[in-house]
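Dear colleague,

I am passing on the structure below, together with notes on what I found when going through it. Please read the notes with the coordinates open beside you.

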Amino acid sequence: MSGTLTHAETRSTLSLHKLGVFCGLAAAVWLGTAEAPTKLVNAGFSPFIISMGMVMGAFVARWTVPTLLKGTGFVFSDLRAKPHLIVWAVLAGMLWAVANTLTIFAVRNVGLAIAFPLWNTNSLVGLLWGCLLFKELRGAGFKGWSKVLGGAFAIVGGAAILAYATSQQSSNTPGKAAVGILAALGAGLLLGTMYIPYRKAYISGMNPLSFVTIFTLGELITVFILGGIFFGGLGNLTGELERARPMLFWPFLGGFCWVVGDLFQNFAAKYIGIGRGIPLSNTNQLWGLAWGALVFSELSGLSPTGKALVITGSLVMIAGALSISTATPPVSELTSWEQSMHRECDRYRLDADHVAAVVAGNDPLAGQPHRTRWWEVLVMCTAAGIFVWLALGTNVQQISVSIPWMIVLVIGTLVPLGVCGTLLWRRTRFS
Amino acid sequence: MKRSTAVAILTDVHLWVPVVVLILGIILLMSLR
């Protein structure tokens with residue numbers, strides 16, 4: 001007990017709300033950056049294959065850096081303590097895979113301008129489930145509700161303005177528009193519902209690294225099944241992947257960034273809930289836009305009205321993020337969160353004291369040093385080797401890239417990783 | 001897995017909401033092919 005206290009005492013006293021907000025914003029940076037490498041893919045490849053490459057990259061990336069943070073021993077013991085949550089982690093991966101495939105149909109049929117804001121409503125769906133199923137915002141008062149709801153709507157509104165302003169694509173086939181809108185709304189519903197497993201895992205005391213491990217597995221299996229169905233068999237799918245080999249490094253790199261972003265998003269969902277964490281991480285569109293506009297000069301032909309819309313949309317989105325960032329949950333709301341946690345402990349016979357400590361970022365086991373096993377090193381080297389193998393002989397689309405802006409944005413991406421990673425380590429030891 | 005845990009999982013609303021949404025999503029996806 002004294003050892004536990006010593007660990008807790010040496011940790012930072014940063015509030016969990018601030019930590020969650022930092023994680024949500026870092027998630028936005030990395031999820032937005034994940035879009036950048038896919039811009040280097042040559043034309044002529046199915047968006048489904050590019051998406052699949054990202055999922056495979058995310059799966060492989062999970063076994064690189066995250067393995068260094070927590071040994072697999074910690075992850076497996078976490079999973080053994082809450083085996084029921086494996087079901088929810090797989091389910092979340094399946095929801096993501098189906099939702100992502102729907103977004104491909106949506107963009108094809110109605111274009112990004114209409115599709116993106118529609119599936120960006122996932123944060124509102126998440127907010128609804130957070131409130132209904134996990135008692136988020138209960139007891140937050142009028143001020144809390146206004147800040148969170150207003151912020152979430154502002155972020156969706158900002159997304160709509162940005163998508164409208166930046167889209168070069170118009171709705172092509174009118175007959176297919178309804179199908180595209182349905183696909184985008186379906187994706188929003190699925191992505192918003194995916195946050196139910198996220199929140200459930202974290203109020204049960206699961207570590208985000210354990211959750212993401214199973215999540216990427218569920219995701220990978222589902223995209224392979226879907227790919228097999230869409231390409232008329234696994235043989236055809238493998239053929240497509242072989243054809244795509246020269247460009248696979250880019251979606252893999254995107255998958256790497258996605259895993260980092262998803263980990264931060266999971267920590268945000270853990271420490272500030274899905275009602276606040278998901279809208280914050282959904283500001284990733286701003287970072288995707290920054291890469292597109294500054295590095296790839298995608299907006300160079302934009303009219304003055306278009307540029308004004310981009311600035312307006314960005315400001316609206318930033319205002320929404322600021323509103324949510326300042327909506328610290330009052331004690332009455334935290335009591336509601338606690339009730340949800342006790343529901344899980346009673347239902348699945350979890351140790352309430354231990355879960356409460358983990359939920360508060362004070363996992364007694366988190367500070368203990370882990371012994372790196374030889375096969376963990378082998379797994380990490382294999383995962384890193386796959387990235388190196390793909391990078392060798394990869395093709396780059398001949399497009400102009402602004403190197404100075406790329407350096408600025410790479411630094412701007414690494415800084416939140418360093419800052420937020422340090423904050424997470426100091427406050428929670430990645431628990 | 002214990003029988004009581006399996007029962008707790010199968011009677012949990014947190015399971016059925018995502019499962020129903022997933023099924024709806026798969027139906028939608030298949031109808032778009």
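Findings

Of the 33 residues in chain B, 21% count as buried, where a residue is buried if 20 or more other C-beta atoms lie within 10 Å of its own, exposed if 12 or fewer, and partly exposed in between, with C-beta atoms placed from the backbone. The secondary structure of chain B comes to 2 helices and 0 strands, with helices (H or I, at least four residues) and strands (E, at least two) taken as DSSP runs numbered from the N terminus. The C-alpha atoms of chain B fill a box of roughly 40 × 15 × 5 Å along the principal axes.

Please bear in mind that this is a predicted model, in which local features need pLDDT of at least 70 and side-chain atom pairs count only at pLDDT 80 or more, whereas totals for chains, interfaces and linings use all residues. Residues are numbered from 1 along each chain as its sequence is written, and chains are lettered from A and ligands numbered from 1 in the order in which they are written.

For chain A the pLDDT (the predictor's confidence in each residue, from 0 to 100) averages 87, and 94% of the residues score at least 70. Over residues 1-8 of chain A, however, the pLDDT is below 50, and this stretch has 3 contacts in the model beyond near neighbours in sequence; two residues are in contact if their C-beta atoms, placed from the backbone, lie within 7 Å.

Chain A has 18 helices and 0 strands, and buried residues make up 51% of its 431 residues. A compact globule with 431 residues would have a radius of gyration near 22 Å, and the 21 Å of chain A agrees with this; the radius is taken over C-alpha atoms, and the globule rule is 2.2 Å times the number of residues to the power 0.38.

Leaving aside neighbours within four places in sequence, Cys23(A) is in contact with Phe264(A), Phe267(A), Ala268(A), Tyr271(A) and Cys420(A).

Helices α7 (residues 122-134) and α8 (residues 141-166) of chain A pack at an angle of about 160°, with their axes 9 Å apart. That makes α7(A) roughly antiparallel to α8(A), a label for angles over 145 degrees. In this packing Ser123(A), Leu124(A) and Leu127(A) of α7(A) meet Ala152(A), Ile155(A) and Val156(A) of α8(A). Lys135(A), in the loop between α7 and α8 of chain A, has a positive phi of about 60° although it is not a glycine, and Lys135(A) is buried, with 20 other C-beta atoms within 10 Å.

As for the interface, the contact takes 25 residues from chain A and 17 residues from chain B. On the side of chain A that touches chain B, the elements giving two or more residues are α6, α9 (174-203) and α15 (331-348) of chain A, and α9(A) gives the most, with 10 residues.

With best wishes

Definitions and conventions
Axes fitted to C-alpha atoms, helices over the stretch in contact; angles between N-to-C directions. Parallel < 35°, antiparallel > 145°, perpendicular 65-115°, else oblique.
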